[in-house]
Amino acid sequence: AKMANVTDPLARAVHGTDPQNLLEYITRQKIYDSRYWKEECFGLNAVNVVEKAASLKTIGGCYGPNRKPTHFLCLLLKLLQIQPDDSIIEEILEVDTDSHVFKYVRALASMYLRLTGRPKDIYELLEPLYNNYSKLRVRTSNDWNLLPMDEFIDCLLTHDNVFGIALPRLAKRTHLEDAGYLDGPRISRVLPNSDSSSAEQCLIDLATIHGIVEAQQALEKRRQEASDGASVNIEPSTENTEGEHNISSKRSRSKSPTDKSIPKKNRRVHVSDGMLCNDDKSKQQDYKKHGGHQNRDRVASSISSSAIIIENKNKVNKQKMFGALFKKDKSKITEQSKEAVIPVISADNKTNSSMSSDANLPEEGSEEYWNQQRMKLGMKPLSK
């Protein structure tokens, strides 16, 4: 069973790896375990794969709660495994690009070419399929949809992921044109040339010859816009210009001299430039009424005291959490820590005085030493 899943030994590497590795590992394993792969895809060559693709009725990736692979995906992996000749893929894509026959064979070949082909070949062989409008049935994870062939080709050329399959990176067409791999921009069937005159002539042909309603409406809109533009008087009157000149002069005079000192980031945009807003004026008046700098100093002192209290509370909480492992910051000594230094100094003085008093004590073992010890214990001194 494992030998049936091995790539053809004569197959060449694609994008520096085994062609089957272009599909994800999980997707490959699901295909190998599927019934269609084991029964219908065993021992096929390029001709047999084309015959199987002609009987396809849907395209898509994996579907359902168990994520079963579609027959389209199984045949795609078989093409990657056997790696047919490039001339077979080119023949499938080039013959009768506008026909609706064998549309699923053409979709399979275009997907295979997008995975394994060179950018130049991808653009040259897939872009003619923009003129194919046959509808394809797409089986999504939980539903069915219809997708025209031109939209499917557009997804292959512009998207990085189609049917849950990560596509190799494709260079932009403009880059290939600049490098000389492609000859000019793509020629569209609707607009053969990019000139405005040819576009207008094409619109007239669609409206008159083919009788398309949308083209007729577009022509009417263009004619109305042209007539409206011709009726508008472009030259302004002298009265309006004089009035606008007076308004601009008044605005220039109304600018305050302090406007230049304010940086652009801090300026507030108003209808009249250079003028303070009513909110700013009321704030200045309130500031003068309530004492100005005195209130500001009081607020600053209250804020600083509250900040010190909060810092002390945070330090106490940290000491409770970390215990002896918490290291105090010696660079920031608060008032409480300074007050705690005073009793330590007094304790050091007491120890020094006790040390000086210990120097006057009698020698150990002498009668005076033992009498002092007995006095401390409340006993009588030794009799002489």
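How many helices and how many strands are there in the chain? And at what angle do helix α3 and helix α4 pack?

Author: This is a predicted model, in which local features need pLDDT of at least 70 and side-chain atom pairs count only at pLDDT 80 or more, while totals for chains, interfaces and linings use all residues. Residues are numbered from 1 along each chain as its sequence is written, and side-chain values use heavy atoms, with hydrogens and water left out.

The chain has 16 helices and seven strands, taken as DSSP runs numbered from the N terminus (helices H or I, at least four residues; strands E, at least two). Of its 384 residues, 26% are buried, that is, under 20% relative accessible area with a 1.4 Å probe and protein chains only, whereas exposed is over 50% and partly exposed lies in between.

Turning to the pair you asked about, α3 (residues 46-54) and α4 (residues 71-82) pack at an angle of about 170°, and their axes are 11 Å apart; the axes are lines fitted to C-alpha atoms over the stretch in contact, and angles run from 0 to 180 degrees between N-to-C directions. That makes α3 roughly antiparallel to α4, a label given to angles over 145 degrees, with under 35 being roughly parallel, 65 to 115 roughly perpendicular and the rest oblique. From α3, Ala-46, Val-49, Lys-52 and Ala-53 meet Leu-75, Lys-78, Leu-79 and Ile-82 of α4, where contact means heavy atoms within 4.5 Å. By class, this contact has six nonpolar residues, two charged ones and no polar ones.

Met-111, leaving aside its neighbours within four places in sequence, is in contact with residues including Phe-72, Leu-76 and Phe-152. Together with Phe-152 and Ile-153, Met-111 touches the most other members of the largest nonpolar core, which has 56 residues; such a core is a set of buried Ala, Val, Leu, Ile, Met, Phe, Trp, Tyr and Cys residues joined through side-chain atoms within 4.5 Å.

Definitions and conventions
Nonpolar A, V, L, I, M, F, W, Y, C, P; charged D, E, K, R; others polar.
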